[in-house]
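Let us walk through this structure together, one piece at a time. Take a moment to look it over before reading on.

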Amino acid sequence: MRTALAAALGAVLTAGVATIPASAAPPAVPAQARQTLPADDGWAAATTGTTGGSAADDAHVFVVRNRAELAAALAGGTDPTPRIVLVKGTIDANVDDAGHPLTCADYADPAYGLDAYLAAYDPAVWGRTSRPSGPLEEARVRSARNQAARIQLRVGANTTIYGLPNARLVGANLLISNVDNVIVRNLRMEDAADCFPAWDPTDGSAGNWNSAYDLITLTGATHVWADHNTLSDGDNVDANQPLHYGRPYQVHDGALDVIRASDLVTVSWNVFQEHDKTMLIGSTNTVGADVGKLRVTLHHNRFANVGQRVPRVRFGQVDVVNNYYYMTDEDTYSYSWGVGVQSAIYAENNFLLRSADLAPEDFVYDWGGTAITEIGTLTRVGTGPVREVDLVGEYNATHDPDLGTDAGWTPALRAGPVTPTVAVPVLVNAWAGAGKL
């Protein structure tokens with residue numbers, strides 16, 4: 001079955017799946033699915049703005065109910081004709097075109113087995129100075145390609161993906177690669193789990209398992225608006241994964257990552273919850289194409305019990321304003337604002353609800369950056385009093401070297417006045433996430 005599946009997956013990837021049958025009448029389109037990003041609403045409003053598929057004609061409006069229909073509507077991400085893709089019900093990417101569930105075993109190359117892989121690359125056998133190579137690693141890579149052909153769905157230019165009531169996308173990676181003008185709204189996305197994480201003994205002092213898929217990946221993408229979505233690991237959180245070689249067998253990567261010179265992005269009114277590596281902005285410390293790019297606005301999002309990268313930034317000018325951080329699981333928490341190489345985070349009027357065991361100085365982490373602007377942060381421990389807090393100051397009091405407090409720029413693209421920090425939790429809880437439009 002596995003060999004036949006691999007061949008079928010390759011055919012699907014190149015052929016763009018089946019054609020969606022024409023209907024007698026075009027589907028009704030919710031007004032919100034034709035909405036464009038408001039003027040001045042963050043970095044995605046710069047230059048040409050972000051309109052997605054708002055201009056789609058009736059022939060390019062699709063209602064999709066399964067993975068095959070979704071892939072066909074997206075046309076492999078190669079057709080720039082404006083389109084609106086309306087997601088209805090639950091779509092599981094790990095289901096074949098006949099409706100049969102697929103497991104990791106179905107994607108696995110015949111030469112791959114986890115037990116054999118663990119035996120071959122055990123640090124006691126393989127060592128810690130080089131990454132795995134040889135037949136078993138090659139079989140893992142082939143297995144990963146089989147899964148990627150099924151769960152990675154490329155989104156083309158001038159596209160709006162909009163979730164109808166209770167829409168849910170499970171196990172999929174929306175890949176927005178080297179295209180312009182995309183909107184993703186009102187969609188619940190869960191558990192883009194990697195069946196074949198890669199072991200890297202050189203990653204950190206103890207090595208790490210690294211997975212391949214985000215829920216939404218922006219790579220070389222421009223003018224993208226992600227709004228009113230809910231992103232999580234669902235019931236398959238990484239904290240429940242086993243340890244191998246003494247390290248967590250992590251099967252999830254980012255929730256929404258912005259990498260490889262992506263630019264002009266607005267992430268608004270979303271809920272990110274029960275996830276570890278939440279949002280990476282910039283994928284390398286190497287000075288190159290990312291310089292002058294990676295301009296992202298995050299506003300009115302709820303980050304609930306996420307572990308790290310909220311966001312972690314390299315190079316970009318990133319406006320982090322009016323977000324609600326709900327951090328009460330100290331066992332899985334690492335940090336939130338990652339100040340990376342040549343990063344310029346401007347953080348204004350954010351609210352942090354935390355447990356008593358989460359220290360304010362842990363909120364910021366220095367990944368090789370030099371400065372971050374922070375204004376108007378409030379914090380609260382449990383049901384205790386709300387108080388002002390200088391998170392960068394708390395970090396500097398307990399770490400060396402200090403981070404500077406001026407990121408060197410001031411955001412200009414904001415739709416309306418900044419919300420008073422004290423009002424952020426109520427407002428964000430009421431309106432953020434899928435189903436709140």
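Threonine 217 is a handy place to start: this residue lies in strand 12, which covers residues 216-219. Is threonine 217 buried or exposed? Its relative accessibility is 7%, and because buried means under 20%, threonine 217 counts as buried. Leaving aside neighbours within four places in sequence, threonine 217 is in contact with Asn173, Leu174, Leu175 and Ile176, as well as Asp257 and Ile259.

Before going further, please keep in mind that this is a predicted model. The pLDDT of the protein chain averages 94, and 94% of the residues score at least 70. Over residues 1-24, however, the pLDDT is below 50. That stretch still has 32 contacts in the model beyond near neighbours in sequence. Where pLDDT is low, the predicted coordinates should not be read in detail.

Now step back to the whole chain. Its secondary structure comes to 8 helices and 32 strands. The radius of gyration is 22 Å, close to the 22 Å that the globule rule gives for 437 residues, so the chain is as compact as a globular protein of that length. Along the principal axes, the C-alpha trace spans about 60 × 60 × 45 Å. Of the 437 residues, 57% count as buried. The accessible surface comes to about 17,300 Å², and 53% of this belongs to carbon and sulfur atoms. Among contacts with a separation of 6 or more, 75% are between residues 24 or more positions apart.

For a closer look at one pair, find strand 21 (residues 296-299) and strand 24 (residues 317-321), which pair in the parallel sense over 4 bridges. Here histidine 299 stands opposite valine 321 in strand 24.

With a relative accessibility of 4%, tyrosine 162 counts as buried. Which residues does tyrosine 162 touch, not counting those up to four places away in sequence? They are Pro30, Gln32, Ala33, Val85, Leu86, Val87, Arg185, Asn186 and Leu437. Proline 360 gives a sense of distance: tyrosine 162 and proline 360 are 198 residues apart in sequence, and their C-alpha atoms are 37 Å apart in space.

Arginine 168 stands opposite arginine 188 in strand 9.

Finally, a few loops deserve a visit for their backbone geometry. In the loop between strand 22 (302-308) and strand 23 (312-313) sits proline 311, which is joined to valine 310 by a cis peptide bond with omega of about -5°. Proline 401, in the loop between helix 7 (391-398) and helix 8 (424-431), is linked to aspartate 400 by a peptide bond that is cis, with omega near -5°.

Where does asparagine 158 lie? Its place is the loop between strand 4 (152-154) and strand 5, and its phi is positive, about 60°, although asparagine 158 is not a glycine. Arginine 260, in the loop between strand 17 (256-259) and strand 18 (263-268), is a residue other than glycine with a positive phi, near 50°. Because exposed means over 50%, arginine 260 counts as exposed, with a relative accessible area of 53%.

How values were computed: Residues numbered from 1 in each chain as written. Predicted model: local features only at pLDDT ≥ 70, side-chain atom pairs only at ≥ 80, totals over all residues. Heavy atoms only, no water. Pairing = 2+ DSSP bridges. Helix = DSSP H or I, 4+ residues; strand = E, 2+ residues; numbered from the N terminus. Rg over C-alpha atoms; globule rule 2.2 N^0.38 Å. Buried < 20%, exposed > 50% of the residue type's maximum accessible area, 1.4 Å probe, protein only. Contact = heavy atoms within 4.5 Å. Areas by Shrake-Rupley, 256 points an atom, 1.4 Å probe, with all protein chains shown as cover. pLDDT = per-residue confidence, 0-100.
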